[in-house]
Amino acid sequence: MSIATLPISPFAAGETEDETDFRLPALRQNNVPPNKLPDQLLPALDPSAACGDLPATFSAPLESITTAELLARRTPPQWLLPGVLYRGQPTVIVGPSRCQKTSLAVDLCGALASGGKFLGTFAVERPVRVGFVGGDGARDAVTELARRWSSTAEVDLPALDRLVWAFNLADLRDPANLSRLRDWIGQHQLELVLIDAAELGTCTRRAETEQLQALVNCCLDAGATPILCCQTRHEPKPRPMTAADLASAPCGAVARQWLLINRREEYRPGSGSHRLWLTVGGNCGHSGEWGVDIQEELADDQSAGRWQATVRDAGSIETEMALAAAAAQAAHLRQKLRIVLTQIDPRDATKLKIREQSGMSGARFGFAWDLLIRSGEIALTSPPDYRTPHREPRYRLVRPGEEVAPELLPGRPLESLDTATLLGLPTANPPAHDCSEKNLPQSSPLAAALDDLDDDALLRLLEETLQSKQAQFSRAAAEKKVPRSSPLVEPAETPELAESRPPEKTKRRVQSLAKSRRQRLKPKRR
């Protein structure tokens with residue numbers, strides 16, 4: 001609205017003085033100078049305006065202070081909860097739905113009022129008077145949470161007069177409710193007020209921000225530190241929340257310090273175990289990140305239930321989550337191999353075919369294969385045949401409760417065999433570990449016989465033994481009992497062997513020997 005569009009006369013035709021009051025906000029909003037206003041509106045703005053003593057505009061002039069005055073006016077912040085909460089600064093507790101926000105809020109109120117420890121870890125500076133404000137629908141749930149906290153913290157809740165509750169603050173859009181809240185704070189002389197804003201109705205983002213700002217101003221004017229428990233407008237994945245998540249929430253505009261809550265892992269119904277992330281921060285620079293493990297037990301006829309919280313450092317949580325992720329990955333790969341072994345044709349169940357059908361890389365397949373081998377879940381379809389080493393072994397999946405023969409286990413340890421056992425020779429007297437000077441067993445009869453021989457007799461015995469063995473190999477070669485390709489001996493060319501060989505074979509052999517001789521004698525080119 002421009003100045004030219006404003007009516008010149010303060011009272012239009014038939015307009016009363018009360019109706020004129022509604023024109024004042026429009027005049028203030030457009031910063032109309034006082035000298036442009038009718039004289040009838042000046043007394044309503046400022047008593048001194050009738051005398052002509054008016055500022056240039058309706059807004060108060062900026063206050064100028066020096067740096068020394070700024071530092072002199074500084075009041076050091078006071079802790080309500082060291083490392084977590086300062087006194088006099090608006091605070092928000094933010095998180096997605098069903099992530100224990102109200103439970104943590106009740107625990108915080110009880111710790112501040114009783115002078116105990118928040119989450120059993122963070123000690124309160126001193127007990128303060130605390131008020132909890134919620135909607136009418138939260139009465140029963142908050143009552144059960146208060147009983148569980150009292151049972152766990154071993155605090156007599158009825159005797160705790162520094163903690164008061166209110167559940168009939170219904171509509172924040174009504175200005176009368178803010179006046180009622182201010183009177184209630186003054187009546188009980190509260191130093192801190194925690195408001196469960198999620199139970200006080202929903203509205204648009206802008207309207208919710210304005211309502212929360214009005215709540216914060218009302219509590220600060222009454223001399224109490226406000227804490228608002230709010231809900232995010234989206235459901236983040238299990239991870240630590242950051243200040244970026246707070247900026248997208250309607251309560252981010254009023255927050256000067258915050259407690260951000262989110263899950264570390266999905267809740268399993270019926271377990272009663274909650275794994276949470278807790279992120280703390282503020283404009284004064286304090287911050288922290290912890291893991292919170294909550295174990296809750298519902299109340300019954302014999303007990304009031306329990307709500308036990310354990311705070312853990314972020315480093316151990318990250319290590320635990322990395323190990324859990326690795327275990328989940330290993331379980332996934334093992335299950336994938338089990339499915340392949342179940343569906344593959346037994347005739348094609350080689351290690352190469354199993355890997356091709358699994359679609360895994362070499363590193364992942366080797367890791368999963370070794371896991372199944374060590375756990376005894378894979379067996380050979382038949383014992384290995386060392387006479388046909390070119391044939392690849394086939395594998396199958398071991399059924400639950402099945403007993404597998406040792407020779408069918410692919411990962412069984414290697415057997416240790418001595419030379420005599422490998423060659424099939426009798427071993428009546430196994431060698432002992434303690435040997436004599438000639439490195440022979442003391443319990444062997446041969447050792448006693450050799451001890452009676454001198455060195456010359458022993459050498460003659462060895463020569464006779466070698467000649468006997470050489471003659472034995474020559475006779476075996478002549479009788480064709482040793483293959484020509486045997487590495488033990490090369491059969492000698494004897495007349496008997498040449499006569500027994502067919503003529504064509506003799507001719508080919510002579511030609512082969514002649515060719516090899518020419519190649520050996522042929523000079524090499526430089």
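**Chatting through a predicted model**

Q: Let's start with Gln189: is it buried or exposed?
A: Gln189 counts as exposed, at 59% relative accessibility. Keep in mind as we go that this is a predicted model.

Q: Where does Gln189 lie?
A: You'll find Gln189 in the loop between α7 (175–188) and β8 (192–196).

Q: And what is phi like there?
A: Gln189 has a positive phi of about 55 degrees, although it is not a glycine.

Q: What about phi of Gln100?
A: Phi of Gln100 is also a positive value, near 70 degrees, and Gln100 is a residue other than glycine. Gln100 sits in the loop between β3 (91–95) and α5.

Q: Is Gln100 buried or exposed?
A: Gln100 counts as buried, because its relative accessibility is 12% and the cut-off for buried is under 20%.

Q: You mentioned α5. How many residues does it have?
A: Helix α5 has 14 residues, running over residues 101–114. From its first C-alpha to its last, α5 reaches 20 Å, close to the 20 Å expected at 1.5 Å a residue.

Q: How many of the residues of α5 are buried?
A: 12 of the 14 are buried, so α5 is largely enclosed by the rest of the structure. Among the buried ones are Leu104, Val106, Leu108, Cys109 and Leu112.

Q: What follows α5?
A: Gly115 does, and its phi is positive, near 75 degrees.

Q: New topic: how many disulfides are there?
A: The structure holds 0 disulfides.

Q: OK, charges now. How many salt bridges does the structure hold?
A: There are 18 salt bridges. Side chains of opposite charge can pair when their charged atoms come close.

Q: Which residue forms one with Asp293?
A: Arg312 does, with the closest N and O atoms 3.2 Å apart. This pair links distant parts of the chain: Asp293 is in strand β12 (residues 287–297) and Arg312 is in strand β13 (residues 306–313), 19 residues apart.

Q: Is Asp293 buried or exposed?
A: Asp293 counts as buried, at 12% relative accessibility.

Q: Which residue does Arg139 meet in a salt bridge?
A: The side chain of Arg139 meets that of Asp136, at 3.5 Å from N to O. Arg139 counts as partly exposed at 39% relative accessibility, whereas Asp136 counts as exposed at 55%.

Q: What about Arg396, which residue is its partner?
A: Arg396 forms a salt bridge with Glu402, and their closest N and O atoms are 2.9 Å apart. Arg396 is partly exposed at 22% relative accessibility, and Glu402 is partly exposed with a relative accessible area of 23%.

Q: Which residues do shared partners join into one network?
A: Arg264, Arg275, Asp293, Arg312 and Glu320 are joined that way, through salt bridges that share partners.

How values were computed: Residues numbered from 1 in each chain as written. Predicted model: local features only at pLDDT ≥ 70, side-chain atom pairs only at ≥ 80, totals over all residues. Heavy atoms only, no water. Salt bridge = Lys/Arg side-chain N within 4 Å of Asp/Glu carboxyl O. Buried < 20%, exposed > 50% of the residue type's maximum accessible area, 1.4 Å probe, protein only. Helix = DSSP H or I, 4+ residues; strand = E, 2+ residues; numbered from the N terminus. Expected span 1.5 Å × (residues − 1). Disulfide = S-S within 2.5 Å.
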